[in-house]
Amino acid sequence: MAKLKINRGTTYVISVQYQEDGVNTSLSGATVRFTAKTEEYTTSTTDADAVITKNVTDGTAEGVATITIDPADTATLVPDKYFYDIKVALPTGQVYKIDEGQILLDGSPTNRLA
């Protein structure tokens with residue numbers, strides 16, 4: 001389980017490498033999903049209770065995808081502990097977990113985005 005420390009209202013970039021059986025595998029046509037919530041488990045099947053959601057559809061043929069958490073994604077969140085996971089949905093309908101863990105959202109004296 002990974003632990004990410006993100007400073008509220010800043011850009012945070014996560015690069016992921018998708019592999020099957022230890023071999024880099026293409027993400028062409030796939031969607032990499034990043035979801036962060038206040039609870040590790042919820043019953044929402046739509047992730048409507050998520051505080052951050054990102055869908056990345058431009059992963060490379062070498063299996064690399066970049067998830068960018070933008071300043072606006074965290075600017076209004078209360079500094080606290082959150083839970084996240086990263087999953088890949090393949091064009092075949094299969095879904096695999098790439099990573100999961102906790103986010104420590106750290107406060108910041110600067111709150112304005114502009």
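Predicted model: local features only at pLDDT ≥ 70, side-chain atom pairs only at ≥ 80, totals over all residues.
Strands of a sheet pair through backbone hydrogen bonds, and the pairing can be either parallel or antiparallel. Strand β8 (residues 81-89) is paired with strand β5 (residues 31-37) in the antiparallel sense, over seven bridges. Within this pairing, threonine 31 has alanine 89 of β8 as its bridge partner. Strand β8 is also joined to strand β9 (residues 95-106), in an antiparallel arrangement with nine bridges. Lysine 81 stands opposite leucine 104 in β9, and the bridge partner of aspartate 85 in β9 is glutamate 100. Strands β8 and β9 form a hairpin with five residues between the strands, where glycine 93 takes a positive phi near 100 degrees.

The sheet may next be placed in the context of the whole chain. The protein chain contains one helix and nine strands. Along the sequence, these elements follow the pattern β-β-β-β-β-β-β-α-β-β. The C-alpha atoms fill a box of roughly 45 × 30 × 25 Å along the principal axes. The radius of gyration of the protein chain is 15 Å; a compact globule of 114 residues would have a value near 13 Å, and the two agree. Of the 114 residues in the protein chain, 33% are buried, where buried denotes a relative accessible area under 20%.

Rolling a probe the size of a water molecule over the atoms shows where empty space is left. The count comes to one cavity of 30 Å³ or more, and the largest cavity has a volume of about 40 Å³. The residues that line the largest cavity are Ile6, Ala36, Val51, Ile52, Thr74, Leu77, Tyr82, Ile103 and Leu105. By class, eight of the lining residues are nonpolar and one is polar, with no charged residues.

Technical notes. Residues numbered from 1 in each chain as written. Heavy atoms only, no water. 1 Å grid on protein atoms, 1.4 Å probe; cavity = no way out; pocket = protein on both sides within 12 Å on 5 of 7 lines; lining within 4 Å. Points joined across faces, edges and corners; volume = space filled by probe spheres on them. Nonpolar A, V, L, I, M, F, W, Y, C, P; charged D, E, K, R; others polar. Pairing = 2+ DSSP bridges. Helix = DSSP H or I, 4+ residues; strand = E, 2+ residues; numbered from the N terminus. Rg over C-alpha atoms; globule rule 2.2 N^0.38 Å. Buried < 20%, exposed > 50% of the residue type's maximum accessible area, 1.4 Å probe, protein only.
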